[in-house]
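Here is a short briefing on a protein model. Look at the sequence and the structure first, then read the points below.

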Number of protein chains: 2
Amino acid sequence: MPPVPDSDFTPRQNEVLASALRLVVDGGEKALTTSAVARAANCSKESLYRWFGDRDGLLAAIVAHQAAKVRVPSESAGALDLAEFRSRLATFAEDLLTVLAGDTSLALNRIAIAHASRHGAPLGRLLLERGRERIATRARTLLEAGRDQGHIDFQDATEAYRTLYGLIIRDAHGRWLLGQPPLEEDADFAGQARRAVDQFIALHPPLPRNNARQGRS
Amino acid sequence: MPPVPDSDFTPRQNEVLASALRLVVDGGEKALTTSAVARAANCSKESLYRWFGDRDGLLAAIVAHQAAKVRVPSESAGALDLAEFRSRLATFAEDLLTVLAGDTSLALNRIAIAHASRHGAPLGRLLLERGRERIATRARTLLEAGRDQGHIDFQDATEAYRTLYGLIIRDAHGRWLLGQPPLEEDADFAGQARRAVDQFIALHPPLPRNNARQGRS
DNA sequence: ACATTTCAGTACCGTACGGTACGGTTCGGC
DNA sequence: GCCGAACCGTACCGTACGGTACTGAAATGT
């Protein structure tokens, strides 16, 4: 199952990183002591330090390790009709909700945020560049495809994506990060996704075509 | 200037809490050692422990102390016309952006998020209840006033507020929390606020009145 | 004037963790 | 069969921090 080059770590190292990730996901950052990692992964602290430098390096490696498995479904767009476009957007939205609500994402985001106070926030940057930015790119190409097909219109793809993100996530991510258990309303990712997509499309109506088939409003 | 009962702390204690807040704002959580607080506030560690129990109690007290100064501008709504309503909304949006982008808010949110991994996340709850919820209430009453005046329509005020929040904040809070310095685009809070309000109102058009003066669409 | 409380300042203790060093074992190359 | 590298397991060290104990001074009440 390794068609994925994972990252520039050896299989053994990835194994260790997976153990460390487990630790951190269900124990928070303070559970990630070098001794605990060594114990959980059946490796020596000396190896940890040889491989990852120091504790911060280990943290960064964990983030990189996890980011490496963010698969971007290519979003290869041939000609897609409006229904297909909506469906694609909704799938994206649902994926985004699922990822951000996941234990792993929450744990890693919490750690990166906690570390953001000092040293140029390398963890935060890592997360932004290898996680969010990848996802944003996927969404932007999808949005541009939709514009090319005349389903929506916007000036700046980044700007449009931000609006889409806001409509999908709203304050949910913040609440989740703060430890508030997902409300029932949050749980219906599919419904949330549909609502967000509807709102987004409503805010970005297509340019009027010569032969306007768009009936209502 | 103390018409504000602040919280249920003595003036001296509030003084100490302010010092502690300073520490934590420009040093992150790890800067908040009991010794450092004692030194910065010219008080003894023993007093700290007598007043706040332990380090976590101190943390909670800091959050409560800061939350106590969240002033809610009453939002007393007489009859307001559409322009006034938009303006009020925009002011709210700008305030929200300003608060969330502030050092203090970011520092406190980071700490609460970091602590969310364990013990039922009391800090997160504190922040949610005394911070965000207060703000949300202010916004909801404003939204309901707008609905009463027929400027907008919606079913559920909470639901509507979430959308408004999403349109205002989008992914900015997440980026800020992760330590990304505010982009230039972020800096124009007034512009962001206007855009968000326009989008929100567009998404919640008023019910058609008998004498429909609403031209377009 | 004296007793009591409060608190600053400091010294102290236990511990937990980051990081290092070392002995023993496995494994691949020659 | 020998050598060296990689590595596990563990023991070890220094330190920093949370929390407590003690002392002496200021304040407050009687």
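A residue is called buried under 20% relative accessible area, exposed over 50%, and partly exposed in between (1.4 Å probe, protein chains only). By that rule, 49% of the 217 residues of chain A count as buried. This is a predicted model, in which local features need pLDDT of at least 70, side-chain atom pairs count only at pLDDT 80 or more, and totals for chains, interfaces and linings use all residues; side-chain values use heavy atoms, with hydrogens and water left out. Residues are numbered from 1 along each chain as its sequence is written, while chains are lettered from A and ligands numbered from 1 in the order in which they are written.

**Fold and confidence of chain A**

- Chain A has 11 helices and zero strands; helices (H or I, at least four residues) and strands (E, at least two) are DSSP runs, numbered from the N terminus.
- The C-alpha atoms of chain A fill a box of roughly 70 × 35 × 35 Å along the principal axes.
- A contact means heavy atoms within 4.5 Å. Among contacts in chain A with a separation of 6 or more, 71% join residues 24 or more positions apart.
- pLDDT is the predictor's confidence in each residue, from 0 to 100. Chain A averages 89, and 90% of the residues score at least 70.
- Residues 1-5 of chain A stay under 50 in pLDDT, and the model has one contact for them beyond four places in sequence.
- Residues 212-217 of chain A also stay under 50, again with one contact beyond four places in sequence.

**The interface between chains A and B**

- The contact takes 36 residues from chain A and 37 residues from chain B.
- Buried area is the accessible area (1.4 Å probe) that two parts lose on being put together, summed over both. Between chain A and chain B it is about 3300 Å², and carbon and sulfur atoms give 63% of that.
- R162(A), R170(A) and L178(A) supply 24% of the area that chain A buries against chain B, more than any other three residues.
- A polar contact is a pair of N or O atoms within 3.5 Å; within protein, one must be able to donate a hydrogen and the other to accept it, and residues adjacent in sequence count only if both atoms are side-chain atoms. Six residue pairs are in polar contact between chain A and chain B (both at pLDDT 80 or more).
- On chain A, α6 (103-114), α7 (122-148), α8 (157-169), α9 (172-177) and α11 (189-203) each supply at least two residues of the side that touches chain B.
- α8(A) gives the most to that side, with six residues.
- G179(A) sits in the loop between α9 and α10 (184-187) of chain A. Leaving aside neighbours within four places in sequence, G179(A) is in contact with R110(A), A116(B) and A121(B).
- G179(A) counts as partly exposed, at 31% relative accessibility.

**Salt bridges**

- A salt bridge is a side-chain nitrogen of Lys or Arg within 4 Å of a carboxyl oxygen of Asp or Glu.
- One salt bridge joins the side chains of E159(A) and R170(B) (2.9 Å, N to O). E159(A) is partly exposed at 23% relative accessibility, whereas R170(B) is buried at 7%.
- R162(A), D171(B) and R175(B) are linked in a network of salt bridges.
- Within chain A, E84(A) forms a salt bridge with R88(A), the closest N and O atoms being 3.4 Å apart. The two are four residues apart in helix α5 (residues 82-101), so about one helical turn separates them.
- Within chain B, D95(B) forms a salt bridge with R138(B), with the closest N and O atoms 3.3 Å apart. D95(B) lies in helix α5 (residues 82-101) and R138(B) in helix α7 of chain B, so the pair ties together parts 43 residues apart in sequence.

**Buried sites in chain B**

- H151(B) lies in the loop between α7 (122-148) and α8 (157-169) of chain B and is buried, with a relative accessible area of 13%.
- A polar atom of the H151(B) side chain lies 2.8 Å from the backbone oxygen of L80(B).
- In helix α2 (residues 34-41) of chain B, the buried residues include T34(B), V37(B) and A41(B). Their cover includes α1 (11-25), α3 (45-52) and α4 (55-67) of chain B.
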